[in-house]
Number of protein chains: 2
Amino acid sequence: MAPVSEPAAPSIRTAVPGPATHSIKEELDTVLDARTVQMVIDYDKSSGNYITDVDGNTYLDVYAQIASIPVGYNNPTLLEAARSPEIVSALVNRPAVGNFPSHQWLALLREGLMRAAPLGCTQVFPAQSGSEANDLAFKAAFMAYRRQQRASNPWTEYEQVTAMKNQAPGSPDLAILSFRNSFHGRSFGSLSTTRSKPVHKLDIPAFKWPQATFPQLRYPSEDHVQENAQEEQRCLQEVENIIHSWHCPVAGIIVEPIQSEGGDNHASPAFFQRLQAIAKTHRISLIVDEVQTGFGATGKFWAHEYWELSSPPDIVTFSKKAQTAGYFFSDEKLRPDKAYRQFNTWMGDAARIIICNAVIDEILDKKLVEKTAQVGASLYDSLVILGSKYPDRMQNLRGKNRGTYIAFDTPDSGVLLKKMRELGINIGSCGAQTIRLRPMLIFEESHIPPLLAAFETSFSQLA
Amino acid sequence: MAPVSEPAAPSIRTAVPGPATHSIKEELDTVLDARTVQMVIDYDKSSGNYITDVDGNTYLDVYAQIASIPVGYNNPTLLEAARSPEIVSALVNRPAVGNFPSHQWLALLREGLMRAAPLGCTQVFPAQSGSEANDLAFKAAFMAYRRQQRASNPWTEYEQVTAMKNQAPGSPDLAILSFRNSFHGRSFGSLSTTRSKPVHKLDIPAFKWPQATFPQLRYPSEDHVQENAQEEQRCLQEVENIIHSWHCPVAGIIVEPIQSEGGDNHASPAFFQRLQAIAKTHRISLIVDEVQTGFGATGKFWAHEYWELSSPPDIVTFSKKAQTAGYFFSDEKLRPDKAYRQFNTWMGDAARIIICNAVIDEILDKKLVEKTAQVGASLYDSLVILGSKYPDRMQNLRGKNRGTYIAFDTPDSGVLLKKMRELGINIGSCGAQTIRLRPMLIFEESHIPPLLAAFETSFSQLA
């Protein structure tokens, strides 16, 4: 059931963006770079799936803050958590949690966050953003790799001296392999694995790490079964070749279950099963980046559940809908051999974990993952029909049986986004020409008609 | 005035750490690496300068969560902020603030956070940790450096193609110079500039960036004036030499006003003035890392105010006592030439900025910076006297006229910390053999006697 207060439909009163957005954006620009501001929002007036801007325009929001609002604006369960004495204490008494955790820390994790841990992942390291989570995961992978090499030998004096100089062997030349078109974040570690767009990477020094081709599947996939299987095989072979030939050891592989910023690129469960097998053969870590796919939108709590792996992934990173961040891991050896190697002052934010726990409550209590799987199936079916009417506007529809994690290509995504927003739909793009749907987990059957109507109007006007 | 509810003195009831800490630590260790846990704290029972553990022991806290609690546990002004409708909204409706800021975002920054901006720094980029702030500052420095080189020429196709492969010229070989013994964080960028301890760096790939020697001054400084000046000159010459000879261009210099994790190492205002002059000559960015020194503890709001620079620093990073993080900057050119180059989903956390604004309120209303300067002077004088009684236990006392940012060397800092904690004082160390004082900004004259008494007892027992 949609929240009681949610509007029945979008309503647009001004040009989009409106004059109030323009004026506030201009003032904002005096203290920070506001060029990216699209709309200024009155969150107090926003509710459920609907977002209201400062010009009084109300949009059905299927972009959800770059896929990060999980259960709707002003969700009552989250509001309750945000007013709890526990969160007030976490906000005002922020500890160096690795040294001086609160007496509530254990429950926040064990009875809270760990409910979200992927099957087989028994431990967590908290963080504050997806980029940080991936950086931390890489560090864990590097330490685990060197631990195997070092066996039971202690750190040598020479290793310690060279580490301080950023030189090998103490600071070794090791790599993380990522895939072309992937997005893993923008910090120096994660950005070295990100391969989405030049605007993310230009002028920034990067580690000399390798990229393999991610499968480029053809759609509808049922018509290209063998071709797609060959494409995946080709990419896996490339991974093997790189591991064998790269100038330094590859200590880990990072992969998104669905490449999101890169254009919603999918691969089959078999591809990922074999990728895990490659990682196991080389005794390196497989890091599954579920920053965007995690927490239910694909119709499973974690997208990698679709892979039915024979053993859990080594590391799963999360953020966005979790409203906090970090990595879960399955192997005790991914704990460093000594304390304080993986450490920082705050190690996450208990206040944000309290919000995350309310998100998990809401997801479990209301069976939102299962519902998203169902609603997604209806939405996908509707889009198939619409696509058959507008084949020039909607190509390569993908995300079947992946909840509401649905996307398609269109000739000019920028124009379509603008048109959709003028019709009261806030929606996002990715890759070069892809429209991605990223509704919240409370997106329901009743939200499909206004979304479809806006697509139809846009397509017919653009045709 | 100390908060009404603050205890009159420390009280220790059990062995330290006590049985409840041990037992919770053991349980915590099943879900995360809890080896670093020193005490489990009941923050609801902690107040002002005093922290109470789950065993009922109460300590005077002059470590303050690795220098990050600004105005006391359960500070009433912060409690009020943590219960405000604004923070509730920020917690439950977390935007992708670069795209869809709230209508309150402008006021939170312009009338809030920007009150803390160093003189001449007119802009801010919000972040979530000191490490992230430094990484972002490096990216800004790199983009600005390349912008000068590129002049008004557009990005070339070749730059864009190579950037995607982590290769020059698109992803250029550029460096940030840092100082030996510095600590700037643990993400891949910041860790490449951190030079504190092998445990921070071992096994982690690092950029081939240079380090210069930070002055190693002798104390008491009034007895070593010429020697110390020569030492500083030697280090500055080393900086010049590195910039001229490093294998790639140095695009920025990062420096702490007082090297904190590295052992509380000071340098004179003249040293920093000349460092800025070097940066200006080479048209590279000077990044002042005030993550630990910022927000008042040195007796100025920003420690770099002591330098009386003729023009503002290019970039000042902050975190810890700010309870949020980011960088302030002074030069319009440190905004990238295009939108979306410095960007991420959350770009800080408005909830944490609301807490920061309450911290700033408290600092300004209660003149806590000025008070810290005064209390620090008394504390320093008392320590001089104590040091003259225990010259074997207290050496190289430093931090005169730097508020409560005071430190000294001692033969076995680990033993002293343990003894102090058994006497009800929670205190920290840094470097190889340094005790650092990091009380909160509400540390008062009345807190000096219990602290001094514990030092005296410890020293006499250890002598």
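Me: How many aromatic pairs does a search of the whole structure find over all chains?

Reply: This is a predicted model. The search finds 56 aromatic pairs over all chains.

Me: How are the rings of B:Phe138 and B:Trp209 arranged?

Reply: Read the distance between ring centres together with the angle between planes; planes over 60 degrees apart count as edge-to-face. Here the centres are 5.9 Å apart and the planes stand at 80 degrees, so the pair is edge-to-face. B:Phe138 belongs to helix α6 (residues 130–150) of chain B, and B:Trp209 to the loop between α9 (198–201) and β5 (211–212) of that chain, so the pair ties together parts that are 71 residues apart in sequence. B:Phe138 is buried at 0% relative accessibility, and B:Trp209 is buried at 3%.

Me: What is the arrangement of B:Tyr327 and B:Phe329?

Reply: Their ring centres are 5.5 Å apart with planes at 45 degrees, so this pair is tilted. B:Tyr327 and B:Phe329 are both buried.

Me: Which residues do ring pairs link into a cluster?

Reply: From chain A the cluster takes A:Phe138, A:Phe142, A:Phe188, A:Phe207 and A:Trp209. From chain B it takes B:Phe138, B:Phe142, B:Phe188, B:Phe207 and B:Trp209.

Me: Is A:Leu379 buried or exposed, and which residues does A:Leu379 touch?

Reply: A:Leu379 is buried, with a relative accessible area of 0%. This residue lies in helix α13 (residues 368–389) of chain A. Leaving out residues up to four places away in sequence, A:Leu379 touches A:Thr404, A:Ile406, A:Leu437, A:Phe443, A:Ile448, A:Leu451 and A:Leu452. For one of these, A:Ile448, the C-alpha separation is 6.4 Å, at 69 residues apart along the chain.

Me: How do strands pair in general?

Reply: Strands of a sheet pair through backbone hydrogen bonds, either parallel or antiparallel. In chain A, β3 and strand β9 (residues 325–329) run antiparallel and are joined by 5 bridges. A:Pro126 has A:Gly326 as its bridge partner in β9(A).

Me: Why is strand β3 of chain A largely enclosed by the rest of the structure?

Reply: Strand β3 (residues 123–127) is largely enclosed because 5 of its 5 residues are buried. A:Gln123, A:Phe125 and A:Ala127 point one way, A:Val124 and A:Pro126 the other way, and all are buried.

Me: In what order do the strands of the open sheet with mixed pairing run?

Reply: The order is β1-β2-β12 in chain A, a sheet of 3 strands. The edge strands, β1 (50–52) and β12 (425–426), each pair on one side only. Strand β2 (residues 58–61) runs parallel to β12(A), with 2 bridges between them. A:Leu60 stands opposite A:Ile425 in β12(A).

Me: How many disulfides are counted over all chains?

Reply: A disulfide is a covalent bond between the sulfur atoms of two cysteines. The count over all chains is 0. A:Cys248 is in no disulfide, and the nearest cysteine sulfur, that of B:Cys248, is 18 Å away. The cut-off is 2.5 Å. A:Cys248 is buried, with a relative accessible area of 6%.

Note on methods:
Residues numbered from 1 in each chain as written. Chains lettered and ligands numbered in written order. Predicted model: local features only at pLDDT ≥ 70, side-chain atom pairs only at ≥ 80, totals over all residues. Heavy atoms only, no water. Buried < 20%, exposed > 50% of the residue type's maximum accessible area, 1.4 Å probe, protein only. Helix = DSSP H or I, 4+ residues; strand = E, 2+ residues; numbered from the N terminus. Pairing = 2+ DSSP bridges. Phe/Tyr/Trp six-rings, centres within 6.5 Å; stacked < 30°, edge-to-face > 60°. Contact = heavy atoms within 4.5 Å.
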